[in-house]
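My notes follow, in the order I looked things up.

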Amino acid sequence: MTERQPNTWNDPARADAYATIGMVGTYYLAYRDLPAIIKAHACGSRALDFGCGTGRSTRFLRDLGWSALGVDIAEAMVAEARRLDPNGTYLVVPPGDLSAVPPTGYDLILAVLPFDNIPSTTLKISLLTALRLLLSADGCLINVCSAEAMYHHEWLSFSCRDFPANRSAKDGDQVWAVMKDGADRRPIADTLWTEESHHQVYREAGLTLIETHRPLGRASEPFAWISETTVSPWLIEVLR
């Protein structure tokens, strides 16, 4: 495995830039289908946004009618979430530790991209097990994560052309991208998580994969798609 870098996101400048990015460009595809997916698989009112960052997903859930708690390990990101959404509920948690999250039985847990930044299989299993235990009896977990193809192509919102080593990366290796939206163009370090490894991790965490969505861009949408119409950058996985 390649040398591990510090948490990319616990950086005030990065958080400030990220807070300006909405559900546009390639990110739009991570959210476009979620209302229908959530409606098909989740009912209730209590939601947990795991890896809330600057609160984009937490606010998204609230706009859908959910009472949502956002949690993240990056204090800089949560500070931006609270600034943007002073009436929201956000919690900073220690890395790998969800014991401070109120165990109220969540009807929906949404994780939009945090598992791209979790470096080890063991930690993924531990966190997913903890999230499973926070679900209500009929609750579901929706995990949105980068497909392997994310690190092999050019996208409307991301560039990987300067990182040819991405193509030879194996499960657990670091991969790199540059965000083209926002002011911070410093490379982002993610951890490659293969789809085969997803399945193994879910099984070991006691979760069942119900379905996987691979959103593609549409010609009718108001974006100058690059690879998005033929290759999906994201996986949206529904778990119980």
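I began with strand β4 (residues 106-112), which is mostly covered, with 7 of its 7 residues buried. For me, buried means under 20% relative accessible area, exposed is over 50%, and partly exposed falls in between, with a 1.4 Å probe and protein chains only. Helices (H or I, at least four residues) and strands (E, at least two) are DSSP runs, numbered from the N terminus.

Before going on, I noted that this is a predicted model, where local features need pLDDT of at least 70, side-chain atom pairs count only at pLDDT 80 or more, and totals for chains, interfaces and linings use all residues. Residues are numbered from 1 along each chain as its sequence is written, and side-chain values use heavy atoms, leaving out hydrogens and water.

Next I checked what β4 pairs with, counting two strands as paired if DSSP finds at least two bridges between them. Strand β1 (residues 46-50) runs parallel to β4 and is joined to it by 3 bridges; D49 has L110 as its bridge partner there. With strand β5 (residues 135-146), β4 pairs in the parallel sense over 6 bridges, and I found A111 opposite N143.

**The crossover and L113**

I followed the chain from β4 through helix α6 (residues 121-134) to β5 and got a right-handed β-α-β unit. Right-handed here means that, with the strands pointing away from the viewer, the path from the first strand over the helix to the second runs clockwise.

L113 has a positive phi of about 80° although it is not a glycine. Buried or exposed? L113 counts as buried, because its relative accessibility is 11%.

I then traced an open sheet of 7 strands in the order β3-β2-β1-β4-β5-β10-β9, with mixed pairing. β3 (89-92) and β9 (209-213) are at the edges with a single partner strand each, so one side of each has no neighbour in the sheet. The twist averages 20° from one strand to the next; axes are lines fitted to C-alpha atoms, for helices over the stretch in contact, and angles run from 0 to 180 degrees between N-to-C directions.

α6 lies across β1, β4 and β5, at about 145° to β5, where contact means heavy atoms within 4.5 Å.

**The other sheet**

Last, I looked at 3 strands that form an open antiparallel sheet, ordered β6-β7-β8. β6 (158-159) and β8 (188-191) are the edge strands.
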